[in-house]
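Here is a short briefing to keep beside the viewer. Please have the sequence and the model open as you read.

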Amino acid sequence: MATSPVLSDTSDIWPAPTAAAPLDATVIVPGSKSLTNRALPLAAIAAEPTTIRGALRSRDADLMIGALRTLGTEISSSDHGATLEVRPGPLRGDVSIDCGLAGTVMRFVPPIAALADGPVHLDGDPGARVRPMGPVLRALAALGVPVTASGRAPSATDSTGRQDPDTVPQYLPVAVHGTGGIRGSEIDVDASTSSQFISGLLLAAPRFEAGLTLHHVGEVLPSQPHIDMTIAVLRERGVEVDDVAPGKWRVEPGEISGGDVLIEPDLSNAAPFLGAALAVGGSVSVPFWPSTTTQPGGLLPEILTRLGGTVELSDGVLTVHGTGSITPVDLDLSAAGELAPTVAALAALAPGESRLHGIAHLRGHETDRLAALVTEITRLGGIAEELEDGVWIRGGDLHGADVETYHDHRMATFAAMIGLAVPGVGVVNVGTTAKTLPDLPGMWHSMLGGGTH
Ligand SMILES: O=C(O)C1=C[C@@H](OP(=O)(O)O)[C@@H](O)[C@H](O)C1
Ligand SMILES: C=C(OP(=O)(O)O)C(=O)O
């Protein structure tokens, strides 16, 4: 859906600090959004209580907690919010859920809500109302759970009792009309615009009476690591998942176990800090780096090396060294679209041409990120063009400007990174970073002051 971007209040500008010297910092990064927002819904439909440690507490995580509480899950927190005790309860309908701008809430909660007895209304920020939802909603309708535009009652069904797919809404706000259970079956889903459609359905599938067989039918499938993450967390909770055939998954019905879950640090949120070492030189370290991970940030050592950094992992601490000189890149980021704004900031600072591709689906992120990157790089004095599936950037020679962030946390960190090397960069609505990081400005200043935040 081509729409105008949702703009911010331009009177709210954070002057991005410029680095006066090479960096020498250690940054402790809060828990992973993607792992926290998978652990929570799985715990809500588990057979027993779960304790989640190291959880992220940010807007997206709090929206997930709010959604699950509304559906009847008891969630208490301690340790400044980082430890969550989740007690599953019967899923109740006749409720309304705020998804904010969180893709994980918009796409993971409807399949859980479909297990409730009664309609669940879902809506979100203005920017959420243009993010693609059709594939996951059509899948629910095909599974026998009608989905309507909010405020409408379910109507015509076909001879099999299923809703006509053409009547299923494509965007929020919607109502999911569960009747207390799903039989489950075999369905096709086009996940070319977001892997989250697959993840959301797989997460709820152990609770479908017959489980679920899912085929991806689109031409491209972005964010494979996030699908692998979904399979990994399901298996960790005792669910049987078959992912042997590419683009096809089978989840067996069964109980989801509870117990203890430890969340890894958010490696995508580590990216702007690690990238800062390349932007201005020096070193940045992130402790508690997992030795193996399904997070797309696991690709950062390779990506930052391609961009001219030196990366070492020692005793669980990842350190990136930079010289302040960045190498332009040609990168397929289809597996790690989340990292694209960080890589684009470095490409905009690199003298020469870079091409980031495999990321057409970024048009459906918090904002149309391809358009946003081109507009903001141009505003900063660089040259950028939108490609069919990415962006082309000729970097170097930027000047200061107030950067619009379109309610997109990663556009805000993109601007902050440029500001490290280019004086006079203002970040409009830096508060939008609270989507996944509670205190980006504090962490950023602390990185520049050296030491540990
Ligand atoms: O499953 C997840 O936790 C995510 C999947 C990806 O979505 P897309 O496949 O829509 O890019 C990623 O960009 C998003 O930030 C988080
Ligand atoms: C695309 C992102 O988020 P969401 O989970 O809202 O899709 C992101 O964090 O880069």
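Predicted model: local features only at pLDDT ≥ 70, side-chain atom pairs only at ≥ 80, totals over all residues.

Residues are numbered from 1 along each chain as its sequence is written, and chains are lettered from A and ligands numbered from 1 in the order in which they are written. The chain is assigned domain 1 (13-30 + 265-452) and domain 2 (33-151 + 161-262), with bounds that come from an automatic or database domain assignment.

**Domains**

- The C-alpha centres of domain 1 and domain 2 are 29 Å apart.
- Their contact involves 20 residues from domain 1 and 24 residues from domain 2, where two residues are in contact if their C-beta atoms, placed from the backbone, lie within 7 Å.
- On the side of domain 1 that touches domain 2, there are seven nonpolar, 10 polar and three charged residues. Here Ala, Val, Leu, Ile, Met, Phe, Trp, Tyr, Cys and Pro count as nonpolar, Asp, Glu, Lys and Arg as charged, and the others, Gly among them, as polar.

**Ligand 1**

- The shell around ligand 1 holds 13 residues, of which Ser 34, Ser 194, Ser 195, Ser 223 and His 226 come nearest. A residue is near a molecule or strand if its C-beta atom, placed from the backbone, lies within 6 Å of it.
- Helices α3 (103-113) and α5 (196-204) each give at least two residues to this shell. Helices (H or I, at least four residues) and strands (E, at least two) are DSSP runs, numbered from the N terminus.
- By class, the shell around ligand 1 has 11 polar residues, one nonpolar and one charged.
- Domain 1 and domain 2 each contribute at least three residues to the shell around ligand 1.

**Ligand 2**

- Around ligand 2 are Ala 102, Gly 103, Thr 104, Glu 338, His 365, Glu 366, Arg 410 and Thr 436.
- By class, this shell has four polar, three charged and one nonpolar residues.
- Ligand 2 lies between domain 1 and domain 2, because both give residues to its shell.

**Positions annotated in UniProt**

- Under "binding site", an unreviewed UniProt entry lists Lys 33, Ser 34, Arg 38, Ser 194, Ser 195, Gln 196, Ser 223, Glu 338 and His 365. UniProt positions are given in the numbering used here, feature names are shortened, and annotations may be inferred rather than shown by experiment.
- Also under "binding site", an unreviewed UniProt entry lists Lys 33, Gly 103, Arg 131, Gln 196, Arg 369, Arg 410 and Lys 435.
- Lys 33 belongs to helix α1 (residues 33-44) and is buried, with 28 other C-beta atoms within 10 Å. A residue is buried if 20 or more other C-beta atoms lie within 10 Å of its own, exposed if 12 or fewer, and partly exposed in between, with C-beta atoms placed from the backbone.
- Not counting residues up to four places away in sequence, Lys 33 touches Leu 56, Ser 58, Asp 60, Ala 61, Thr 104, Asp 266 and Thr 436.
- Beyond its neighbours within four places in sequence, Arg 38 is in contact with Leu 203, Met 229, Thr 230 and Val 233.
- Gln 196 sits in helix α5 and is buried, with 28 other C-beta atoms within 10 Å.
- Leaving aside neighbours within four places in sequence, Gln 196 is in contact with Gly 103, Thr 104, Arg 107 and Phe 108.

- In helix α12 (residues 440-448), the buried residues are Leu 440, Met 443, Trp 444 and Met 447.
- These buried residues fall within an arc of 100° seen down the axis of α12, so they line one face of the helix; the arc is that of the directions from the helix axis to the C-beta atoms.
- Gly 442 and His 445 are exposed on the other side of α12.
- The buried residues of α12 pack against β2 (23-26), α7 (267-280), β15 (282-286) and α11 (409-421).
- Leu 140, in helix α4 (residues 134-142), counts as buried with 26 C-beta neighbours inside 10 Å.
- Leu 140 and Pro 110 are 30 residues apart in sequence and 8.2 Å apart in space, C-alpha to C-alpha.
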